[in-house]
Amino acid sequence: MDAKYTTHEFDVLVIGAGGAGLRAAIEASANGLKVALVCKSLLGKAHTVMAEGGIAAALGTVDSRDTWQQHFADTMIGGNLANHWQMAQIHALEAPDRVRELEKWGAVFDRTTDGKGNINVRHFGGHTYKRLAHVGDRTGLELLRTLQDRGVHQGIEVFMECTVYSLLKKENRVVGAFGYFRETGSPVLFKAKSIVLATGGIGKLYRVSSNSWECTGDGFALGYLAGAELADMEYVQFHPTGMVWPPSVRGLLITEGVRGEGGVFRNNLGKRFMFDYIPPKYKDKYASTEEEANTWFQKVIVEGRKEETVKERKPPELMSRDVVARALWTEIEQGRGFEHGGIHLDIATRRSAEDIKKKLPSMYHQFKQLADVDITKVPMEVGPTCHYMMGGIKVDPETQGSTIDGLFAAGECSAGMHGSNRLGGNSLSDLLVFGRRAGLSAAEYSKKIKTFEQIDESELDQLNHEMNRPFENPKGENAYAILSDLQQVMEKGAGMYREEKGMMNCLKELDQIKKRLEKVSTEGNRMFNPGWHTALDLRNLLIVGEAITRAALIRRESRGAHTRIDFLNYSESFSKTRVIVKKSAQEMQVSSENLSQIPKDFEAELIAKNILNEVVLNQLRGKIAAH
Amino acid sequence: MRSIRLKIFRGTSNSGEFKEYTLEVEEGMVVLDAIHRLQATQSPDLACRWNCKAGKCGSCSAEINGKPRLMCMTRLNDLPVNKTITIAPLQTFPIMKDLATDVSWNYQVNKKITPFTPKSNAEWHWEQKDIDRIQEFRKCIECFLCQDVCHVLRVHQKHSVYAGPRFFVRMAALEMHPIDSADRLPFLKTDAGLGYCNITKCCTQVCPESIAITDNAIIPLKERVVDRFYDPIFILFRKLFKKK
Ligand SMILES: Cc1cc2nc3c(=O)[nH]c(=O)nc-3n(C[C@H](O)[C@H](O)[C@H](O)COP(=O)(O)OP(=O)(O)OC[C@H]3O[C@@H](n4cnc5c(N)ncnc54)[C@H](O)[C@@H]3O)c2cc1C
Ligand code: SF4
Ligand code: SF4
Ligand code: FES
């Protein structure tokens with residue numbers, strides 16, 4: 001019997017109430033099932049709320065040349081072909097419908113100015129055409145609120161401020177989850193016929209990060225501990241533009257929209273340096289001189305001319321994040337940065353004060369209020385910040401099913417869609433497309449399961465005891481000190497630039513931190529106790545940190561967000577594999593498997609249409625030199 | 001580095017008191033940074049909510065020196081120096097622990113609002129100018145600071161018969177949507193208690209998103225309700241301010 005613990009039974013349990021979780025829950029409940037949604041914060045506060053720039057979807061409302069095939073190709077090239085091509089395809093195909101559906105549910109997107117009154121789209125890095133549906137610079141809020149309001153009227157039961165600590169299994173099947181309510185600290189058992197993990201990212205693993213406290217990699221760890229395979233864990237995205245000053249806001253994101261609206265980078269010599277960093281794969285697509293870039297800017301952004309009528313190419317500030325982040329890092333490392341260790345991002349000399357306030361209102365306020373900087377008058381100082389996890393739970397591209405029966409994953413905690421580098425705007429669309437698919441698959445799976453499983457009470461006792469350990473340990477180190485050390489270790493050993501020796505050392509240090517964590521102690525009691533919560537989150541962060549480092553060690557090449565100073569080129573053999581991390585009895589098991597490749601005829605079709613470029617494909621496949 | 005003094009409510013709804021702390025702080029820190037530093041160095045079990053640390057999620061609401069504000073957007077530099085900074089939980093809602101309050105009532109109110117109901121034969125095209133005003137309302141980050149400050153809730157505790165400014169904003173966004181077809185006026189008048197609002201504008205003053213809650217949401221809604229039903233206070237207001 002499991003009466004000792006408060007117990008709930010649901011057909012589908014969705015863990016995480018960001019865009020992915022909400023969309024999954026809506027779909028599962030629309031299929032007539034009893035659905036629970038569990039989240040660590042209040043509803044509507046999930047990390048998704050912070051997304052700014054927009055949702056990528058080939059709506060073609062502004063540039064009629066845009067197609068789903070082009071979106072697919074941009075995603076694959078942006079991800080340096082490390083994506084699961086089929087996910088990228090499904091995503092590109094379905095994103096427009098998901099955006100329009102959101103509008104039907106009450107989202108109010110900015111409109112085009114051509115008199116047709118369609119959903120407006122904007123430029124973002126790595127997207128060939130204007131493609132991001134948006135609401136000013138608060139698109140995430142619009143998305144989340146719309147889903148939230150849709151969800152609460154659909155009978156989904158929401159358990160707020162409740163943290164899942166462990167998944168429960170019977171053989172190779174998930175049967176429930178165990179966790180605690182943050183307010184009271186009391187344990188709770190959810191029995192479920194299927195579970196969707198939608199727990200978001202890992203940003204808190206690094207010292208400089210754009211992510212909220214929630215991003216402690218819980219889903220990765222919950223899945224891993226339950227035996228699910230993780231894939232692509234070496235790919236951690238650093239966004240080029242985080243705030244650097246004052247220290248308390250270091251890492252806070254500056255939307256790519258600033259560059260979309262015309263912002264440019266300059267180093268301390270006053271040089272607009274991005275022209276020096278255009279990689280071969282983007283040589284055809286981006287302006288090679290300042291003059292060309294400025295003409296494009298004048299025509300497209302200032303005068304609002306249609307891009308198809310403009311022969312100049314886009315400014316290189318709009319390349320994908322991995323490329324831009326490395327450029328900034330290099331400039332800063334080589335001493336061309338500014339006083340707080342950043343690079344200048346200038347919108348002030350490019351747009352009128354009025355335009356800036358209208359187009360980038362929250363950026364304007366963020367700088368004004370937090371840094372006393374008026375971005376309509378002076379440049380912002382920016383530097384790279386940990387932003388997004390491309391890797392995650394390995395899932396089936398169509399069903400989002402993990403390698404464990406009944407366990408599905410969607411959103412940032414799943415792997416495959418973004419390859420080695422995510423394009424801006426492709427996450428929010430990912431949440432909708434694969435959130436929906438995960439909800440649907442989970443619902444179908446649950447329909448086939450007749451009864452809830454009995455859960456062994458001793459297993460729960462064991463877990464509850466484990467959760468309680470920080471109170472029982474003799475007084476010692478608190479969780480915050482350990483977290484801070486962990487962040488430094490990761491930044492040093494497995495940050496933006498990696499090499500074998502540093503990573504080996506990082507693994508040793510992670511091991512020491514693991515030992516310290518066993519002795520972590522917490523004051524007070526289980527009631528709303530952030531010190532205790534942090535102590536428990538650390539288990540997850542450590543697992544993710546180790547997975548990243550081990551996967552990064554294996555991949556002896558540089559690809560997208562994963563840069564090895566000791567292996568700077570694309571490798572032909574690694575271009576065909578993905579790294580898999582899995583739990584084994586002793587230690588973390590790392591292996592590689594074949595990465596599924598774009599079917600030959602589909603590829604040929606896109607090459608014939610000039611959507612893909614064969615030379616670029618060969619560069620990314622390590623067949624010809626690229627770096 | 002300088003040293004500041006803080007007075008923070010510690011406790012639950014049953015018992016609690018303000019405790020004093022001294023803390024070293026640096027240039028540029030916001031109140032939430034100070035709380036985090038306290039957690040890391042002196043008081044790991046100090047409860048407070050936060051997520052984005054950028055004024056985007058509306059989690060970190062508290063009363064700082066008596067004023068409802070977001071902790072993450074309040075710079076220590078902007079508070080009087082050499083004076084103890086008082087940080088209290090929102091008064092309008094029951095305290096859970098320390099700075100965290102039980103705001104679940106708001107979620108219950110939200111559930112009662114008729115959701116977006118598009119006209120069946122709607123054309124999904126409209127101009128930016130048709131939605132400018134509802135986009136203002138949709139900026140709301142649900143910080144509930146307006147709910148906290150509104151005297152109908154704070155002083156008169158009319159939670160059972162009044163929705164509060166946050167939800168007037170939400171209903172205004174729905175009512176003014178170009179293709180919404182639902183009628184929320186009876187609900188606004190009765191269950192949501194729009195008539196209790198006597199347009200003091202305190203809500204507008206605290207809104208971190210600078211939504212003109214009273215002028216742009218509440219007054220137009222009152223106009224609509226009054227055109228259909230009767231609201232003595234608003235008629236008086238209309239007379240006084242010569243609105244017709
Ligand atoms: C500042 C910023 C701006 C961004 N802008 C854009 C943009 O413009 N366009 C774009 O496409 N992407 C953008 N992104 C990325 C995008 O916002 C995220 O990748 C995306 O929102 C992740 O959504 P999610 O649903 O996977 O997870 P999240 O929104 O992170 O939600 C995770 C949920 O899981 C819950 N959870 C986690 N662990 C547990 C647990 N153990 N138990 C219970 N619940 C748990 C959390 O409480 C939360 O509800 C941005 C990111 C940042 C940081
Ligand atoms: S204007 Fe109305 S809603 Fe706003 S604080 Fe005053 S009484 Fe409350
Ligand atoms: S209307 Fe303003 S004050 Fe009220 S909850 Fe929304 S953002 Fe906060
Ligand atoms: S932490 Fe999000 S508003 Fe303050």
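Let us start with R173(A), which is buried, at a relative accessible area of 16%; buried means under 20% (1.4 Å probe, protein chains only). This is a predicted model, in which local features need pLDDT of at least 70 and side-chain atom pairs count only at pLDDT 80 or more, while totals for chains, interfaces and linings use all residues. Residues are numbered from 1 along each chain as its sequence is written, chains are lettered from A and ligands numbered from 1 in the order written, and side-chain values use heavy atoms, without hydrogens and water.

R173(A) belongs to strand β8 of chain A, residues 173-181; strands (E, at least two residues) and helices (H or I, at least four) are DSSP runs numbered from the N terminus. The neighbours that R173(A) touches, leaving out residues up to four places away in sequence, include K193(A), D405(A), Y445(A) and E453(A), where contact means heavy atoms within 4.5 Å. With E453(A), the side chain of R173(A) also makes a polar contact of 2.8 Å.

Now turn to ligand 2. Its surroundings comprise 13 residues, with C150(B), C197(B), T200(B), K201(B) and C203(B) the closest; a residue is near if one of its heavy atoms lies within 4 Å. Helices α8 (202-206) and α9 (213-228) of chain B each give at least two residues to this shell. By class, the shell holds 8 nonpolar, 4 polar and 1 charged residues.

Key:
Ala, Val, Leu, Ile, Met, Phe, Trp, Tyr, Cys and Pro count as nonpolar, Asp, Glu, Lys and Arg as charged, and the others, Gly among them, as polar. Buried means under 20% relative accessible area, exposed over 50%, partly exposed in between (1.4 Å probe, protein chains only). A polar contact is a pair of N or O atoms within 3.5 Å; within protein, one must be able to donate a hydrogen and the other to accept it, and residues adjacent in sequence count only if both atoms are side-chain atoms.
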